[in-house]
Amino acid sequence: MTEPIFAYEPRKFAGFDELIELALDLRWSWDHSADDIWRPLDPELWDLTRNPWIIFQSIAPEKLARLSAEPTFRTHVKRLAQELRESRNAPSWFQKIHAEGPLTTVAYFSMEFMLGEALPIYSGGLGNVAGDQLKAASDLGVPIAGIGLLYQEGYFRQSIAADGSQVALYPYNDPGQLQITPTRNANGEWVRLKVHLPAYDVWVRVWQAQVGRLKLYLLDTNDPANLPIVSGITGQLYGDGLEMRIAQEIVLGIGGWRLLQALGLNPEVCHLNEGHAAFAVLERAADFMRSSQQPFEVALQVTRSGNLFTTHTPVAAGFDRFPANLMRQYLGTYAENQLGISFRDLMALGRQNPDDDNEPFNMAYLAIRGSGAVNGVSRLHGKVSRTIFQPLFPRWPQEEVPIGYVNNGIHVPTWDSKASDALWTKHCGKGRWLDTTEKAEEAIRQVTDVELWAMRQASRCTLIEYVRGRYARQLAASGAAPDDIELAKQILDPEALTLGFARRFATYKRPTLLLHNPERLIRILANPERPVQLILAGKAHPADLAGQEMIRQWIQFTRRSEVRGRVVFLSDYDMLLTEQLVGGIDVWINNPRRPWEACGTSGMKVLANGGLNLSELDGWWAEAYTPQVGWALGDGHEHGDDPAWDDAEAEELYTLLEREVIPQFYTRDANGLPMQWLTKMRKSIETLTARFSANRAVRQYNEEYYLPMAAAYKGRYANKGVLGIQILNWQRALAKAWGRMAFEELHIETRDGQHYFKVQIDLGGVNPDAVCVELYADVFDGDPFRQTMTYMHELPNSQRSTIYTAEVPATRPASDFTPRIIPKFRGVAVPLEANLILWQH
């Protein structure tokens, strides 16, 4: 059993250990079968925190002892503790399918993790993805170890002032009240690491959170041995200033990899969830250097094959960049002493142009140059990312820039409402997300219309009750009049169509698009025959004044007499609020400027609950949308920040609500059922829920990335990196000879429905096995056309000229096809690891 951080009263009663074990496992953030243990102990505290560890520490030991003596309570605790242990050890999907494979551990690095409100170390989407993937990996048994930071204050909490402005607050995260424990080594000592920063060493202490089968390790600089200025490195998530950011990212990347070594973990795969953790690339290489005595260049070739970089950023300006002077201050000595390379060589890893001394160091470039695979988080985002990173692969077609995609997914058990969970459990079983989902997808099709509508009605009623209570507390905290607080307990209608918009308030997300024509929106909301209500929530970054102004505009609108009680803005958008919103909202609205929404998982969360999406054709919705499952904004093209386009889309949004959404919700049959609405609901649930789940995403990562990358890494790691040496020598030989290669003659003949190509090439003395000669044609219908040309022979009396041939169907003009030369080495990702290319002109 994991020891708590602080001592508790003497163990005077049976069941003490089981209660601690239950209280310290974050599994209960998505499996609510233990709620009826904790909630009766302190209902108000439970509803506000959902933190069993706080409940456990707040209750008098005598009361716990009394409860534990009650047979019913004791039996329930024992049963849950037994189930918990069995769930950790039961054969999982991964063990059944891949137990004999090459993968033993994936180290998953992320700046933030959203696992539960009891561990507030997240801001938004990035943490949401990391937390949901960790939970799904636990469900499926994929062997992941999470690496993150423990923030003393985390991301800011939000309050709304009387004038509607946002107030940012930073309450302290007391480790003693979080669901974490110190990480201890085999001798029982608290694991502490040293990370060197300019002029001093930083002590980093390590905590761990139990996430079902898995562990999340959290690095914390708030160690008593540190100077005050150093203790605050892990103070705030995304704190201000480049110097604070680089220090955090050194602790995460370099300190995180050293932690793995201290724990005796040797992951085959290192998954970088965004570029913040890219310094792990350097420390992993340094670790291999120490064990193999190989130089950095070889170490990078070996270790990069096991590094996966997932980018979530849709604009080039979104990546962390550090100026050369800051990099030299923080990593100049590290480059020379730990990596054995010059500072200039270190900077080259993070620059588009290594010779430009004025170019800052880009963390995403380091991640790409230190990884064996790169992916975006939706199909559209993969395309956008290929555009962003095109400069790193000069002369390569954009379609071949080596960035794939895995569409994000959400952890359905975390986000399904109580009524939804009951319905899914009835038809699909409790363990529906512990394996592949084909059976659940088939079973959910058997749900009747009456059951679907009852689930939707119950979920909405639960949301309205929650919103009334939360809004009343919000008004009380802001000093509102008692009458206004009482009125807050009566707002909204449990039977009315309920729209939701809850996002980070940033200009590209266009959170005020619905306010484009306030009078028209009022007419939509205030229709007495077909009432509509709107619930909003969201934070703007403390430095984003434009986002904060948008919040103020909405607050002012909610105070208009015509819509009072029909529109509410809930402050402090957090995980607890999100769970309630996605459970009860009927239509989730999302209207970012395409293509700035990399994926956007919030709309996925309503799927299992029967909510429908009305969203811009961006991110995941660009893939998911059909007219049968929801509504779409836009034309599927980019229009920048053109105000005229905003006007047009606002008009489209109002029209969709007036002509389609509202009529379909309120048109009922003889049994009071909205059949058109239910048809959309059913199709959305059946076709999208599993497809956009973290269950699917984690299985996809496992099979498309983790397993092949683990095998590749083991191949390069063997024999102290012999294969890495061979790859490096091949790269150097190609780079030296590439300028001597040349296309000499091209002959094309068309007959019998075929084009016949014969090309004469001077390979400049390069072994033909070291390159691939291809016939290429641009995108015609789907992917680009690529066909390897056949090596025929060397020309007589020639030292270097060779002949290659190919034939292709004459369905396109011969002029569409161009021969080219690219690098070739078995197991090397081209162009990711070798971006040379030569085209025939």
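The largest nonpolar core of this predicted model has 130 residues, and those with the most contacts inside it are Phe 109, Phe 279, Met 327, Phe 389 and Tyr 706. A nonpolar core is here a set of buried Ala, Val, Leu, Ile, Met, Phe, Trp, Tyr and Cys residues joined through side-chain atoms within 4.5 Å. Buried means under 20% relative accessible area, exposed over 50% and partly exposed in between, with a 1.4 Å probe and protein chains only. Helix H28 (residues 694-737) supplies the largest share of this core, eleven residues. Helices (H or I, at least four residues) and strands (E, at least two) are DSSP runs numbered from the N terminus.

The model is predicted, so local features need pLDDT of at least 70 and side-chain atom pairs count only at pLDDT 80 or more, while totals for chains, interfaces and linings use all residues. Residues are numbered from 1 along each chain as its sequence is written, and side-chain values use heavy atoms, with hydrogens and water left out.

Not counting residues up to four places away in sequence, Phe 279 touches Ile 246, Glu 249, Ile 250, Gly 253, Ile 254, Phe 322, Met 327, Leu 331, Phe 361, Met 363 and Leu 366. Contact means heavy atoms within 4.5 Å. A second, separate core of 101 residues includes Leu 499, Ile 524, Leu 607 and Leu 688.

Ser 385 is found in helix H16 (residues 379-388). Ser 385 is buried, with a relative accessible area of 0%. Leaving aside neighbours within four places in sequence, Ser 385 is in contact with Thr 311, Thr 313 and Ile 403.

An open sheet is formed by four strands in the order E24-E23-E27-E28, with antiparallel pairing. Two strands pair if DSSP finds at least two bridges between them. Strand E24 (785-788) and strand E28 (838-839) are the edge strands, each pairing on one side only. Strand E23 (residues 771-777) and strand E27 (residues 817-823) run antiparallel and are joined by seven bridges. Tyr 776 has Thr 818 in E27 as its bridge partner.

The whole structure holds 53 salt bridges. A salt bridge is a side-chain nitrogen of Lys or Arg within 4 Å of a carboxyl oxygen of Asp or Glu.

Salt bridges that share partners join Glu 117, Arg 157, Arg 470, Lys 539, Asp 572 and Asp 574 into one network. Within this group, both Lys 539 and Asp 572 are buried. Lys 539 lies in the loop between strand E16 (532-537) and helix H23 (545-558), and Asp 572 in the loop between strand E17 (567-570) and helix H24 (575-584), so the pair ties together parts that are 33 residues apart in sequence.

Ala 543 is placed in the loop between E16 and H23. Ala 543 is exposed, with a relative accessible area of 58%. Ala 543 and Asp 240 are 303 residues apart in sequence and 9.0 Å apart in space, C-alpha to C-alpha.
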